[in-house]
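Here is a briefing on one protein chain. Keep the sequence and the 3D view side by side as you read.

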Amino acid sequence: MMITSRKLQPQLLKIGGLALIVVVAGAAGAVGLAAFWLNPPADDLSKLFVYLLTSGGLSVCLVMFWLIFSRRQVGLRAQLSVAYLVGSIITIVNVVVTGGLMFLSVHDQNLLMLLLLFSASISVFFAFFLSEQLGRQVRELTRGASEIAAGKLDTRVAAGGSQELAQLAQAFNMMAVKLEQSAQDRQEMEQSRKELVAAISHDLRTPLASLRLMTEAVSDGVADEQQTAIFLERMSNEVQYMTGLIEDLFELSQLDAGALKLSPERASLSDLISDTLESLKAQATRKRQNLQGQIEGELPELLFDPRKIQRVLNNLVGNAIRYTPEGGTIQLGAQQMGRWVCVSVRDNGEGIIQADINSIFEPFYRGERSRGRESGGAGLGLAIARKLVEAHGGKIWVQSQEGQGSTFTFELPVN
């Protein structure tokens, strides 16, 4: 509150200085008009100028004193009403004094007083009415701010009153919307963090437990030479799995932080597709799957990071092989569509249930039916693929129907 008071004092002093400048300019203007219209003696003009400066300066001092004194103790209604009343009183005093100097009759002075009192009452009424309108909107904003401070982020205020107050109410509502959205995002991030920790714990617990059991078996001499060789091979596989998981987590964290640096170059997407088909052909053959490739027309050279896009292709085709039953078909195709090159991976596997479509690109998603690590992998491949595609200015999506397979598609800009 002390900071607010210190900020108000220079503002009030600035307003007071401007008001005094206006008083001096107004007094000079009044004297000039009096000299032009009335042609009075020079001595009367000097007295008039001094009187106007005195009364105007006194008015400014009284009003400024009232504003400084009342900015905390009284409300807006009293502030405006008293300010208008002080102005009216100063006007009455000026007219009465000048009228007396002009030797007006008592009857004329009384009539003039009645008219001035009537005008003053009208001014105070309008000040009271205006302050009520302003105060109502201020109270509405105060109510909204108090409810938001209490945690009710869905609070909104009515945008009424003058144009400035309506704009203030709209800005308040926009702020409330952003606060509510930020709170929801924070809650979702916290939930995602908990799920991520749980998923990592789940994926590390099994290989660590397996490693511990096999290590104990070998160190205690329980396993013979043949079993020891089998255990060592399994231990190597488990270590390789955990190493890949940690590398994927590190890459995903870099992508989320925007710290992953791309090395774009002009390259052929057709060559990457051919390399992908060649490298994953052995996996598909072991499951007696038919892995096909088809490129429609001639694809232009694109500006991208070949290693990262190769990673995307491997992840998508690898997932298709994993979730497609033996004897199934997997098709990897690409075509140019306007300013984009679209790449699709289609399979006739188990598909994705509609409830999981929106979660398919989230880290550690594998679906309930394939929670096992042997069939589901670490669940980071699609999350990394999405981040890599988006880092290249593209987008990725999936179309799937349970029991009839899935089609993953991503597109890269032609640049």
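Which residues form a nonpolar patch on the surface? Phe118, Ile122, Phe125, Phe126 and Phe129 do, and together they have about 540 Å² of accessible area. Bear in mind that this is a predicted model.

**Overall make-up**

- The chain has 10 helices and 7 strands.
- Of its 415 residues, 34% are buried.
- The chain exposes about 25400 Å². Carbon and sulfur atoms supply 61% of that area.
- Take the contacts between residues at least 6 apart in sequence: 69% of them join residues at least 24 apart.

- Helix H4 covers residues 106-149, and Phe129 is found in it.
- Phe129, one of the patch residues, has a relative accessible area of 46%. That value lies between the 20% and 50% cut-offs, so Phe129 counts as partly exposed.

**Salt bridges within helices**

- Side chains of opposite charge can pair when their charged atoms come close.
- The structure holds 6 salt bridges.
- One of them joins the side chains of Arg143 and Glu147, at 3.0 Å from N to O.
- Arg143 and Glu147 are 4 residues apart in helix H4, so about one helical turn separates them.
- Both are partly exposed: Arg143 has a relative accessible area of 33%, and Glu147 has 22%.
- This pair belongs to a network of salt bridges that links Glu140, Arg143 and Glu147.
- In another salt bridge, Arg212 pairs with Glu216, and the closest N and O atoms are 3.5 Å apart.
- Arg212 and Glu216 are 4 residues apart in helix H5, so they too are separated by about one helical turn.
- Arg212 is partly exposed at 47% relative accessible area. Glu216 is partly exposed at 36%.

- The side chains of Arg156 and Glu180 meet in a salt bridge of 2.7 Å, N to O.
- Arg156 lies in the loop between H4 and H5, and Glu180 lies in helix H5, so the pair ties together parts that are 24 residues apart in sequence.
- Arg156 is partly exposed, with a relative accessible area of 31%.
- Glu180 is also partly exposed, with 22% relative accessibility.

- Is Asn173 buried or exposed? Its relative accessibility is 16%, so Asn173 counts as buried; the cut-off for buried is under 20%.
- Asn173 is found in helix H5, which covers residues 163-219.
- Setting aside neighbours within four places in sequence, Asn173 is in contact with Arg156 and Val157.

**Packing of H6 and H10**

- At what angle do helix H6 and helix H10 pack? The angle is about 35°, and their axes are 10 Å apart.
- H6 covers residues 225-257, and H10 covers residues 381-391.
- H6 passes H10 in a left-handed crossing.
- On the H6 side, the contact is made by Asp248, Glu251, Leu252, Leu255 and Asp256.
- On the H10 side, Ala383, Ile384, Lys387 and Leu388 make the contact.

Note on methods. Residues numbered from 1 in each chain as written. Predicted model: local features only at pLDDT ≥ 70, side-chain atom pairs only at ≥ 80, totals over all residues. Heavy atoms only, no water. Patch = residues over 30% accessible without salt bridge, like charges linked within 9 Å, V, L, I, M, F, W, Y side chains within 5 Å. Areas by Shrake-Rupley, 256 points an atom, 1.4 Å probe, with all protein chains shown as cover. Salt bridge = Lys/Arg side-chain N within 4 Å of Asp/Glu carboxyl O. Helix = DSSP H or I, 4+ residues; strand = E, 2+ residues; numbered from the N terminus. Buried < 20%, exposed > 50% of the residue type's maximum accessible area, 1.4 Å probe, protein only. Axes fitted to C-alpha atoms, helices over the stretch in contact; angles between N-to-C directions. Left-handed = near helix turned anticlockwise from the far one by under 90°. Contact = heavy atoms within 4.5 Å.
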